[in-house]
Amino acid sequence: MGAGLLAIGILLLFLGRGAGIGAGTMIGYLWPSMFVIPLGLFFHWMYFSMLGRRGSGLLIPGGILITAGVVCQISMVTGGWGYMWPGFIFAVAVGLFEFYFFGNRNKWLLIPINILSVLSALFFIVFSIGEILGKFSSQPILAILLILAGAVLLVGLKKKTL
């Protein structure tokens, strides 16, 4: 309860910025934490508490929902849908890994888990670098960086030839 109040207080601090925040705004920003993540936690609770670790298939949707909920929550707060979408690919890998880890450890599950994890990581890297470079791609900054890189290369080459 304390962590939830702390999170809501931080969101109010950063999202408010002088504007009034109503119930619609809060639900608009917190819908993943209110609906998606609790459903994923419900699947985990059913597996660990109610079924006595017999229904490991519940962990696949549970892992997917929790991971997708975290991705959606981060995207809602930061507005980063353009570079957070590979988290949905990773969500499937998390669900399958939980099924592998708590299930019968079928080694063939590691193939799609690794493929999805690597694919997600590559997309995160590519789109994050694109987002970072997009912020610094104004012509004067790019020109200065190219001049500095050329100077470093020229000075470095002269020292090696002597």
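Q: Which elements have the lowest and the highest mean pLDDT?
A: Helix α1 (residues 2–16) has the lowest, at 68, and helix α5 (residues 86–102) the highest, at 96. pLDDT is the predictor's confidence in each residue, from 0 to 100, and helices are DSSP runs of H or I with at least four residues, numbered from the N terminus. This is a predicted model, where local features need pLDDT of at least 70, side-chain atom pairs count only at 80 or more, and totals for chains, interfaces and linings use all residues. Residues are numbered from 1 along each chain as its sequence is written, and side-chain values use heavy atoms, without hydrogens and water.

Q: And what is the mean pLDDT of the protein?
A: The mean is 83, and 81% of the residues reach 70 or more.

Q: OK, new topic: is Thr67 buried or exposed?
A: Thr67 counts as buried because its relative accessibility is 13%; buried means under 20% relative accessible area, exposed over 50%, and partly exposed in between (1.4 Å probe, protein chains only). Thr67 sits in helix α3 (residues 59–78).

Q: What does Thr67 touch?
A: Leaving aside residues up to four places away in sequence, Thr67 touches Gly87, Phe90, Ala91 and Val94. Contact here means heavy atoms within 4.5 Å.

Q: How about Val126, where is that found?
A: Val126 is in helix α6 (residues 110–135), and it counts as exposed, with 53% relative accessibility.

Q: Last one: what is the phi of Arg105?
A: Arg105 has a positive phi of about 55 degrees, although it is not a glycine. Arg105 lies in the loop between α5 and α6 and counts as partly exposed, at 44% relative accessibility.

Methods: Helix = DSSP H or I, 4+ residues; strand = E, 2+ residues; numbered from the N terminus.
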